[in-house]
Amino acid sequence: MSPMREGLGVNAVIQARSSSTRLPGKVLRPLAGRSVLGWVVRAAAAAPGVDQVVVATSDAPDDDAVALEAERCGALVARGPLDDVVARFGVALSSYPADAVVRLTADCPLLDPALVGRLAAVWRAEPSLDYVSTTLVRTLPRGFDAELVRAEVLVEQVSTASGPDREHVTSAIYRQPSRYSCTGVVVSPAADDLRVTLDTPEDWDLISAVVDSLGDQPASWRSVVALLRSRPDLVALNAHVEQKKLGQ
């Protein structure tokens with residue numbers, strides 16, 4: 001994590017909560033000696049061009065443990081409404097100002113620091129962009145998701161987003177490409193058929209197996225994909241899991 005520099009500041013903001021319908025407490029689960037949240041904080045801090053790492057959790061008592069773990073892992077903490085995620089991002093931005101925010105989620109322990117750094121580099125090269133992400137055109141496995149939003153646009157979403165957009169933070173931005181300037185980072189060959197995010201016990205089995213093989217280190221998306229391409233038995237563990245749809 002680089003010190004705050006003159007010029008365009010980029011903070012990584014990780015949304016995290018202890019409540020989860022399909023796998024409660026997943027962000028605090030121990031994975032090779034550190035919490036799942038600790039994996040995400042470490043990856044965000046290792047990303048080139050990220051100035052500060054903030055964990056945005058809720059102000060509910062259930063999330064006191066998440067806030068404490070975030071601090072223990074060296075992250076800053078912002079707390080806001082449990083069911084209004086975009087408001088939490090607003091708190092994170094007002095508490096720790098930046099020119100752009102990279103939105104990350106705490107259920108992606110295999111996050112690749114280089115991908116986060118690429119978003120920051122793309123935006124710094126063209127700071128008029130409102131939104132840069134790895135998901136605008138999905139070519140990466142689910143679990144390497146990262147989205148950068150220009151600060152002014154995020155503030156606007158805090159004021160204007162409604163319905164499911166308040167939970168999903170960025171959905172009202174990328175749904176309006178004629179209004180917002182959006183671009184995506186894509187990779188080749190595409191690997192979007194794979195899944196390494198943590199929502200279910202089956203996801204946990206796969207991620208644990210990946211970590212057993214690759215070790216306790218920030219993941220490279222290429223090494224994860226190469227492992228899974230060589231191990232169809234691992235891919236089969238969570239191949240049937242469906243991602244929740246927008247608004248669910």
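Q: Where is Pro189 found?
A: Happy to start there: Pro189 sits in the loop between β9 (182–184) and α8, with helices (H or I, at least four residues) and strands (E, at least two) taken as DSSP runs numbered from the N terminus. This is a predicted model, where local features need pLDDT of at least 70, side-chain atom pairs count only at pLDDT 80 or more, and totals for chains, interfaces and linings use all residues. Residues are numbered from 1 along each chain as its sequence is written, and side-chain values use heavy atoms, leaving out hydrogens and water.

Q: Which peptide bond is cis, and which residue has a positive phi although it is not a glycine?
A: As a general idea, most residues other than glycine have a negative phi, and most peptide bonds are trans. Here the bond from Ser188 to Pro189 is cis, with omega near 0°. Ala32 has a positive phi of about 55° and belongs to the loop between β2 (30–31) and β3 (34–35).

Q: How do the axes of helix α8 and helix α9 cross?
A: Two packed helices are described by the angle between their axes and the distance between the axes. Axes are lines fitted to C-alpha atoms, for helices over the stretch in contact, with angles from 0 to 180 degrees between N-to-C directions. The axes of α8 (residues 201–214) and α9 (residues 221–230) come within 11 Å and cross at roughly 105°. That makes α8 roughly perpendicular to α9 (under 35 degrees is roughly parallel, over 145 roughly antiparallel, 65 to 115 roughly perpendicular, the rest oblique).

Q: Which residues in α8 and α9 meet?
A: With contact meaning heavy atoms within 4.5 Å, Leu206, Val210, Ser213 and Leu214 in α8 meet Ser223, Val224, Leu227 and Leu228 in α9.

Q: What aromatic pair is there?
A: Rings of Phe, Tyr and Trp (its six-membered ring) pair if their centres lie within 6.5 Å; planes under 30 degrees apart are stacked, over 60 edge-to-face, the rest tilted. The count is 1 aromatic pair: Tyr131 and Tyr174, tilted, 5.9 Å centre to centre with 45° between the planes. Tyr131 lies in strand β7 (residues 131–133) and Tyr174 in helix α7 (residues 171–174), so the pair ties together parts 43 residues apart in sequence.
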